[in-house]
Amino acid sequence: IFHGAKEAGFYTIGIAVGKKPKFYDAFPAACPDEFLIVDSYKDIVSDRVVNKLLEKNAIVVPHGSFVEYLGAENFLSFKVPSFGNKHSLTFESDRKKERKWLEAAKVPIPKIYNSPEEINGPVIVKFDGAKGGRGFFLAETPEEFYDQIGERENYTIQEFVLGARYYLHFFYSPVKDTGYKLKKGSLELLGMDRRIETNIDELFRMAVLRKGNLNQVGKSIKPSFVVTGNAPLVVRESLLSQVFELGEKVVEESIDIFGGLTGPFCLETICTDNLEFKVFEVSARIVAGTNLFPNGSPYSDFIEPGLSTGKRIAEEIKLAVKLNSLDEIIS
Ligand code: AMP
């Protein structure tokens with residue numbers, strides 16, 4: 001975000017909790033011009049911080065942790081102009097709302113089991129508010145579910161989709177009227193990644209110890225889905241039309257239900273062996289996987305050489321100012 005904003009000529013302010021993070025000094029081209037130190041995430045909505053940001057004429061660019069730790073409710077009442085549509089975040093943070101949105105958009109999604117008794121195949125059990133896949137577990141029968149659930153509540157039982165994962169980085173502009181046009185504005189694909197998750201991504205290695213018997217591995221070691229990093233990838237080109245259709249349907253529906261998924265967003269998908277994508281999650285803002293492409297990606301380079309998601313955000317602000325449409329892209 002900082003690197004792209006600086007490239008586009010903006011003055012940048014980094015908000016940090018507690019103290020200035022030293023590691024930014026190691027990356028001068030991505031270090032904000034100034035740090036604003038707050039006591040806690042909640043302190044960001046205090047009058048002191050809000051007034052300081054307003055004085056500086058700032059636009060806040062929210063990322064995942066910002067929204068998660070501040071809380072969707074606090075963010076909604078945050079008085080500083082923020083990039084994108086705040087209402088999209090209430091849809092991404094509530095699994096039920098998000099599902100209704102995806103259903104209405106008519107994109108393929110994993111089946112949801114309403115009760116553990118119905119489980120009759122591989123499922124992944126997710127908890128509300130779980131960050132980075134922490135605590136999720138897999139089961140194939142009601143018994144396996146009850147063995148692992150313990151006292152925990154507020155879970156979703158989702159079909160475990162087997163296939164290749166693609167985390168698709170899109171950008172929706174309500175003000176740009178060239179490119180891949182939607183009923184309003186246009187849609188761009190800026191990149192894609194796959195997350196590196198431990199221990200699931202490396203679980204097969206234990207098969208060596210268990211003499212190639214993966215069943216034995218499954219019995220003694222619980223798979224986990226904790227995100228630790230990201231890797232770049234491209235999709236088979238013939239699948240690109242499907243990729244764009246997914247983005248298009250999700251955005252067009254969002255325009256109807258909450259005024260549009262403005263700016264960067266990510267569809268988390270799994271492509272099955274019949275070459276169908278299922279969308280299991282939406283991130284309604286910039287995602288960490290975009291860090292892979294500070295100087296462009298195999299997709300964004302065909303929009304503008306060296307275009308990163310951070311730079312695209314900065315350019316959108318400039319375009320909206322020029323068109324006198326800033327209120328369309330900030331909330
Ligand atoms: P999430 O917190 O929903 O992004 O999920 C964390 C990780 O769990 C994902 O990155 C996937 O590796 C895995 N996962 C989530 N949902 C599914 C699903 N329905 N089928 C297979 N794997 C999934």
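Modeller: Happy to! Let us begin with a pair of strands: E4, which covers residues 123-127, is joined to E5 by 3 bridges, and the two run antiparallel. Within this pair, Val125 has Phe137 of E5 opposite. Please keep in mind that this is a predicted model.

Helix H7, residues 142-149, packs on the sheet and touches E4, E5 and strand E6 (155-159). The direction of H7 makes about 155° with that of E5. Stepping back to the whole sheet, there are 4 strands in the order E3-E6-E4-E5, with antiparallel pairing, and the sheet is open. Strands E3 (112-113) and E5 (137-139) are at its edges; each has a single partner strand, so one side of each has no neighbour in the sheet.

Now to the ligand. It has 18 residues around it, and those that come nearest are Val161, Tyr167, Glu197, Glu268 and Glu281. By type, the shell holds 9 nonpolar, 2 polar and 7 charged residues.

In Gln158, a side-chain N or O atom is 2.9 Å from a nitrogen atom of the ligand. Glu281 places a polar side-chain atom 2.7 Å from a ligand oxygen atom. For Glu197, the distance between an N or O atom of the side chain and an oxygen atom of the ligand is 2.3 Å.

As for cover, the ligand on its own has 470 Å² of accessible area, and the protein covers 95% of this. Two or more residues of the shell come from each of these elements: E4, E6, strand E7 (164-173), strand E9 (186-199), strand E11 (263-271) and strand E12 (277-283).

Strand E9 contains Asn199, and the peptide bond leading from Thr198 to Asn199 is cis, with omega near 5°. The other is Lys106, in the loop between helix H6 (95-105) and E3. Phi of Lys106 is near 60°, which is a positive value in a residue other than glycine.

Notes:
Residues are numbered from 1 along each chain as its sequence is written. This is a predicted model: local features need pLDDT of at least 70, side-chain atom pairs count only at pLDDT 80 or more; totals for chains, interfaces and linings use all residues. Side-chain values use heavy atoms; hydrogens and water are left out. Two strands pair if DSSP finds at least two bridges between them. Contact means heavy atoms within 4.5 Å. Axes are lines fitted to C-alpha atoms, for helices over the stretch in contact, and angles run from 0 to 180 degrees between N-to-C directions. A residue is near a molecule or strand if one of its heavy atoms lies within 4 Å of it. A polar contact is a pair of N or O atoms within 3.5 Å; within protein, one must be able to donate a hydrogen and the other to accept it, and residues adjacent in sequence count only if both atoms are side-chain atoms. Accessible areas come from the Shrake-Rupley method with a 1.4 Å probe; for residues, only the protein chains shown count as cover. Ala, Val, Leu, Ile, Met, Phe, Trp, Tyr, Cys and Pro count as nonpolar, Asp, Glu, Lys and Arg as charged, and the others, Gly among them, as polar.
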